[in-house]
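Colleague: I have some questions about the terms used for this model. Please set each value against its definition.

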Amino acid sequence: MILKSQNDQLTTQLEESVREMTDLKEKYNTLKFSRTIDAKGEDVHLAKIRINQMVREIDKCIALLNR
């Protein structure tokens, strides 16, 4: 019984950690994107690449929704 309880508790903690990690990754990507938009000079090329990647991802999502 004690091991089952500990297992359940650790599973719950793991799930919470995974959710938090996913949330932090999304926030990081948002921050990275917002800094890219503020780019100057040579960073403009990097900003264009990231924007193009995002557009491709959006296009893929739209295609999946249209199926």
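Colleague: What does the accessible surface of the protein chain come to, and how much belongs to carbon and sulfur atoms?

Modeller: The accessible surface is about 6,400 Å², and carbon and sulfur atoms hold 59% of that. Such areas come from the Shrake-Rupley method with a 1.4 Å probe, and for residues only the protein chains shown count as cover. Keep in mind that this is a predicted model, where local features need pLDDT of at least 70, side-chain atom pairs count only at pLDDT 80 or more, and totals for chains, interfaces and linings use all residues. Residues are numbered from 1 along each chain as its sequence is written, and side-chain values use heavy atoms, with hydrogens and water left out.

Colleague: How many helices and strands are there in the protein chain?

Modeller: The chain has 2 helices and 0 strands. Both terms mean DSSP runs, numbered from the N terminus: helices are H or I with at least four residues, strands are E with at least two.

Colleague: What makes the contact of K4 with D8 a salt bridge?

Modeller: The rule asks for a side-chain nitrogen of Lys or Arg within 4 Å of a carboxyl oxygen of Asp or Glu. The closest N and O atoms of K4 and D8 are 3.3 Å apart, so the pair meets the rule. K4 and D8 both lie in helix α1, 4 residues apart.

Colleague: Why does K27 with D23 count as a salt bridge?

Modeller: Their closest N and O atoms are 3.5 Å apart, so this pair also falls within the 4 Å limit. K27 and D23 are separated by about one helical turn because they are 4 residues apart in helix α1. By this rule the count comes to 2 salt bridges.

Colleague: Why is K32 called partly exposed?

Modeller: Buried means under 20% relative accessible area, exposed means over 50%, and partly exposed is in between (1.4 Å probe, protein chains only). K32 has 30% relative accessibility, so K32 counts as partly exposed. D8, at 37%, is partly exposed too. Of the 67 residues of the chain, 4% count as buried.

Colleague: Which residues line the largest pocket?

Modeller: The lining includes K32, F33, R50 and M54. α1 (2-37) and α2 (43-66) each give two or more residues to this lining. K32 and R50 are 18 residues apart in sequence and 9.6 Å apart in space, C-alpha to C-alpha.

Colleague: What makes a space a pocket and not a cavity?

Modeller: On a 1 Å grid over the protein atoms alone, a cavity is a set of points where a 1.4 Å probe fits but cannot get out. A pocket is an open set with protein on both sides within 12 Å along at least five of seven lines, and lining residues have an atom within 4 Å of a point.
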